[in-house]
Amino acid sequence: MGAIQLNAVEKWYGDVQVIKGVDLAIDNGEFIVFVGPSGCGKSTLLRMIGGLEDISRGALDIDGTDVTDQPPSKRGLSMVFQSYALYPHMSVRDNMGFSLKTAGAPKGEIDTKVGAAAETLKLEQYLDRRPKDLSGGQRQRVAIGRSIVRDPTAFLFDEPLSNLDAALRVEMRHEISKLHKSLDATMIYVTHDQVEAMTLADRIVVLDAGRIIQVGTPRDLYNNPGNVFVAQFIGSPKMNVFGCSASEGSYTVPGGRTGPYTATQPGATQMGIRPEHIGVGDAGTGQCDGTVDVVEYLGADTFVLFDCGKAGALNVRITGDAGLEVGDQRGLSFAPECTHFFDSEGVTLPR
């Protein structure tokens, strides 16, 4: 079991409050990802769950038991850090089995659990090597294996892939996803990487300034952001957001033309559209005209940054080669079913 409940959890450092009344229920076997800008409190919140930071106010329950004041060793959790934190003088086998050895487990039990974890993580051939003889991805797998052998209630990951290069991050992301499915264990994962969050999570928790802004599945947050902050934080490139005026079933783009107003409530002062939901046509068509400012060719996709005058800069995603050059002028059309409208407080208006 690995159900975790945070009830009005707060963290204070003197007079400074960094976690501000967080309520969150995590189901057994769920993969939860904490995301947010630097300094939002995601790593602090993870460390509070793990017991590495005290909870100033509120309560933490694990499987229905209050563990707010329990030390890390009593919580049954296992943490994987950004740094591998392996003992350099020990072999992979000894690193993975060290926690069991210090707990007084029999050698046969240690060998069995280390062997099973090594098989799961494809580390059998490296068991007698030392960390210096391994790649970054292999070292991270050893760190994960060290957690697996303890058979924890839940796994806590604090940006575990940030020290790896791009190719290794992809490989390890796949390994962690498969590991979650095979172990069916609760996992809480902190990252600043959009791709990791979107591909790994059952649910994403978006934090800002010590508060939860929105919780939902990757698809929910992408398609139905609750406010401008989430709309622009989830998705890469981020959603285009700009001012607008709306009345009588239509909106008007600054310096541009009108389009259908799809919100069910009045009061929109801003609208948003994702880069892939903008069509490119001849100048004078669509909702506004733009001049090509930057073209970023990425092979399968091309990102084109348009200068749209009073509407500002709009980023457009085009499949394949855009066939556009800097200085070209085009008309931009916004797919009406994909437009988002926000009030003066930045809150999404229902569609």
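In this predicted model, a network of salt bridges links K11, R47 and E53. Two pairings make up the description that follows. The side chain of K11 meets that of E53 in a salt bridge, with an N to O distance of 3.7 Å. Because K11 lies in strand β1 and E53 in the loop between α1 and β4, this pair ties together parts that are 42 residues apart in sequence. Both K11 and E53 are buried. The side chain of E53 also meets that of R47 in a salt bridge, at 3.6 Å from N to O.

The accessibility of these residues can be read against the cut-off for burial, which is under 20% relative accessible area. E53 has a relative accessible area of 18% and is therefore buried. R47, at 27% relative accessibility, counts as partly exposed.

The side chains of R57 and E10 meet at 3.5 Å, N to O. This pair links distant parts of the chain, with R57 in strand β4 (residues 57-62) and E10 in strand β1 (residues 4-13), 47 residues apart. E10 is buried, its relative accessible area being 16%, whereas R57, with 48% relative accessibility, counts as partly exposed. In general, side chains of opposite charge can pair when their charged atoms come close. With a nitrogen-to-oxygen limit of 4 Å, the count comes to 13 salt bridges.

The next element to consider is the sheet. Six strands form an open sheet with mixed pairing, in the order β6-β7-β8-β3-β9-β10. At its edges stand β6 (77-80) and β10 (211-216); each has a single partner strand, so one side of each is left without a neighbour in the sheet. From one strand to the next, the twist averages 20°.

Helix α1 (residues 42-50) lies across β3 (31-35), β6, β7, β8 (186-190) and β9 (203-208). The helix α1 runs at about 150° to β7.

Key: Residues are numbered from 1 along each chain as its sequence is written. This is a predicted model: local features need pLDDT of at least 70, side-chain atom pairs count only at pLDDT 80 or more; totals for chains, interfaces and linings use all residues. Side-chain values use heavy atoms; hydrogens and water are left out. Two strands pair if DSSP finds at least two bridges between them. Helices (H or I, at least four residues) and strands (E, at least two) are DSSP runs, numbered from the N terminus. Axes are lines fitted to C-alpha atoms, for helices over the stretch in contact, and angles run from 0 to 180 degrees between N-to-C directions. Contact means heavy atoms within 4.5 Å. Buried means under 20% relative accessible area, exposed over 50%, partly exposed in between (1.4 Å probe, protein chains only).
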